[in-house]
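Here is a friendly look at a surface patch and some aromatic contacts. Have the coordinates open as you read.

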Amino acid sequence: MSETGNRLRKLLESPNFDPQSYVKQLSQQSDGDRDLQEHRQKIQNLADETAQNLKKNVYKNYRQFIETAKEISYLESEMYQLSHILTEQKSIMESITQALLSTDKDETSKEMQAAFPKETEELKQRTLTSLLEKVEGAENIMDTPGRHLVYNGDLGEFDVDNMAHIQKVHGFLMNDCLLIATWLPNRKGTVKYKYNALYDLESFAVVNVKDNPPMKDMFKILMFPDSRIFQAENSKVKKEWLEILDETKKNKASKDRHKKEEEVPTSPVRAEVSTNPFDMDDEPAEAEESVNLSLEWIQELPEDLDVCIAQRDFEGAVDLLDKLNEYLKGQPATQKVKELRAKVDERVRQLTEVLVFELSPDRSLRGGPKATRRAVSQLIRLGQSTKACELFLNNRAAAVHTAIRQLRIEGATLLYIHKLCNIFFTSLLETAKEFEMDFAGNTGCYSAFVVWSRSAMTMFVDAFSKQVFDSKESLSTAAECVKVAKEHCQQLTEIGLDLTFTLQSLLVKDIKAALQSYKDIIIEATKHRNSEEMWRRMNLMTPEALTKLKDEMRSCGISFQQYTGDDCWVNLSYTIVAFTKQMMSFLEEGLKLYFPELHMVLLESLREIILVAVQHVDYSLRCEQDPEKKAFVLQNASFLHDTVLPVVERRFEEGVGKPAKQLRDLRKSTRSVRINPESTTSLV
């Protein structure tokens with residue numbers, strides 16, 4: 001670059017550069033329009049040079065950019081896995097800490113209750129009463145005997161979906177329930193809160209929410225299918241809420257369990273007192289004694305199921321259900337067993353709804369069919385194999401539809417069809433393999449998969465036909481696209497699934513229309529050439545063109561050597577040669593598209609095309625008066641009858657495997673042209 005250019009570059013790159021003052025100074029110093037144009041050209045050259053340098057730098061570092069992006073993606077995945085592991089370790093440490101703290105608190109509380117039993121109870125009740133006087137609509141809370149306050153404090157409630165702040169609330173934790181009251185900002189007097197909701201301790205689970213600044217010090221309360229998120233003032237208050245909630249829930253469960261154990265010995269007394277021979281209460285009492293429901297894991301089973309559902313531990317929840325069913329197998333259905341069953345059935349319903357949501361198309365469809373295996377297997381274990389099958393297939397249908405819709409239409413049609421077939425049939429193959437693995441013991445679901453496969457094939461054919469047939473592609477392109485689809489469909493036979501007939505039946509309408517459309521194009525082109533026919537020999541001008549024509553005819557199976565003359569002359573008319581090439585091309589493409597349902601369509605199309613050429617030769621023989629031209633027309637007619645038509649007939653029978661009776665009859669009917677050229681009888 002010149003010295004002037006360097007100075008200009010340094011001036012423009014300086015941090016104190018002022019465009020307005022620069023243009024003003026330049027206008028004052030210039031002698032006229034020519035100087036301004038030259039200076040403008042210098043700036044333009046500098047801009048072009050800078051753009052070129054930027055492009056070179058981008059191209060130079062392009063591969064490095066791609067590799068860096070890949071490395072960043074790998075590191076992001078590893079960091080996510082590491083974060084997940086650390087979160088699990090943290091939750092384990094917190095659970096251990098909470099267990100240790102709860103043990104210490106249990107011992108301390110027992111000592112305090114032993115020392116001041118009545119005073120402590122009365123003090124808690126008085127405290128609760130004084131606090132509830134500040135809550136509007138909470139007059140009936142103290143009607144339950146023995147209810148007292150355990151913990152309370154201000155909280156902030158946030159929206160579960162978008163984490164937006166909703167309102168300020170006050171939480172009252174009692175020994176058997178949790179009261180949520182909303183804050184009344186403009187209320188004067190003693191009433192500062194309004195009753196919002198009351199939750200039984202057995203009806204919800206508490207889950208810690210990981211800090212994600214600025215959203216921190218939060219915990220979630222799950223009352224399936226709803227949930228609420230609250231924020232404490234700081235991490236210390238949050239920890240107290242989590243610990244005291246967990247401790248209170250355990251104390252209530254333990255108290256209920258002891259109460260049930262104390263009620264069991266009282267039942268045999270009735271059997272000794274009653275003398276009524278029609279009193280049937282003895283048998284249930286004895287049966288209740290035979291089913292021991294006082295085991296700790298049975299008493300805590302509903303709460304454990306809530307925790308498993310909240311933590312998405314579906315396998316653990318189903319394992320607990322299987323353990324309970326195995327324990328109660330063969331046991332009498334007593335009243336307490338029925339009550340336990342009712343509680344468990346409610347959790348089973350909640351678990352089923354969660355698993356159904358996991359398989360819904362609204363969830364992320366990434367990960368392929370394997371991503372649904374977990375939810376499907378647990379639904380099958382719950383005895384919901386039919387629902388699991390339906391949801392699995394709906395999920396895969398949505399995934400296939402999304403993949404097809406996201407496929408970009410670019411480049412040639414054949415390239416797009418290759419991508420479309422690869423995506424669809426690969427997804428179908430993976431779905432079939434995953435279905436066979438998940439539902440191996442449920443053979444009744446296989447018919448549903450076959451029906452689903454047909455509906456998926458309909459979706460594929462819609463996208464296929466829209467791109468191939470609706471866009472009016474050439475017949476050769478359509479034939480190649482159909483060939484690609486057939487080859488991919490044939491791969492499904494590896495797993496015993498043959499959808500070839502389904503594919504053919506769905507494509508037959510479009511292929512039939514394409515064949516008839518291309519037939520009409522050939523007939524119109526032939527008629528146009530016939531109207532300009534001069535019956536002259538064809539001159540190809542160059543030996544290369546003659547050699548190319550011979551190769552084309554040889555590839556079609558037509559013996560052409562006897563019709564070539566000296567130099568570059570061909571002893572046939574241009575119309576007959578062009579017709580032969582077009583018809584043989586139509587035949588080959590039609591055989592690629594051939595289905596048994598298209599047999600008569602292809603046969604009749606060939607017959608109509610041939611008939612146009614034969615009628616033209618017949619008409620020319622009857623009308624031509626020049627002996628030389630008549631002999632030349634007769635030579636062309638002989639070429640059609642003796643060379644072209646037998647090849648068409650033989651090639652059709654080889655490709656289809658059936659005799660072409662219509663073509664044979666047409667060839668026989670054209671013999672009158674060759675035998676009696678003076679005849680005035682038309683072939684029409």
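On the surface, I92, M93, I96 and L100 make up a nonpolar patch with about 400 Å² of accessible area together. Patch members have over 30% relative accessible area and no salt bridge, and nonpolar side chains (Val, Leu, Ile, Met, Phe, Trp, Tyr) are joined within 5 Å. A salt bridge here is a side-chain nitrogen of Lys or Arg within 4 Å of a carboxyl oxygen of Asp or Glu. Areas come from the Shrake-Rupley method with a 1.4 Å probe. I92 lies in helix α4 (residues 62–115); helices are DSSP runs of H or I, at least four residues.

The model is predicted: local features need pLDDT of at least 70 and side-chain atom pairs 80 or more, while totals for chains, interfaces and linings use all residues. Numbering runs from 1 along each chain as its sequence is written, and side-chain values use heavy atoms, without hydrogens and water.

Now to the rings. Phe, Tyr and Trp (its six-membered ring) pair if their centres lie within 6.5 Å; planes under 30 degrees apart are stacked, over 60 edge-to-face, the rest tilted.

| Pair | Centre to centre | Plane angle | Type |
|---|---|---|---|
| W297 and Y327 | 5.8 Å | 85 degrees | edge-to-face |
| Y518 and F586 | 6.2 Å | 10 degrees | stacked |

W297 in helix α9 and Y327 in helix α11 are 30 residues apart. Y518 in helix α18 and F586 in helix α20 are 68 residues apart. F586 is buried at 0% relative accessible area, whereas Y518 is partly exposed at 26% (buried is under 20%, exposed over 50%, partly exposed in between).

Conventions. Patch = residues over 30% accessible without salt bridge, like charges linked within 9 Å, V, L, I, M, F, W, Y side chains within 5 Å. Helix = DSSP H or I, 4+ residues; strand = E, 2+ residues; numbered from the N terminus. Buried < 20%, exposed > 50% of the residue type's maximum accessible area, 1.4 Å probe, protein only.
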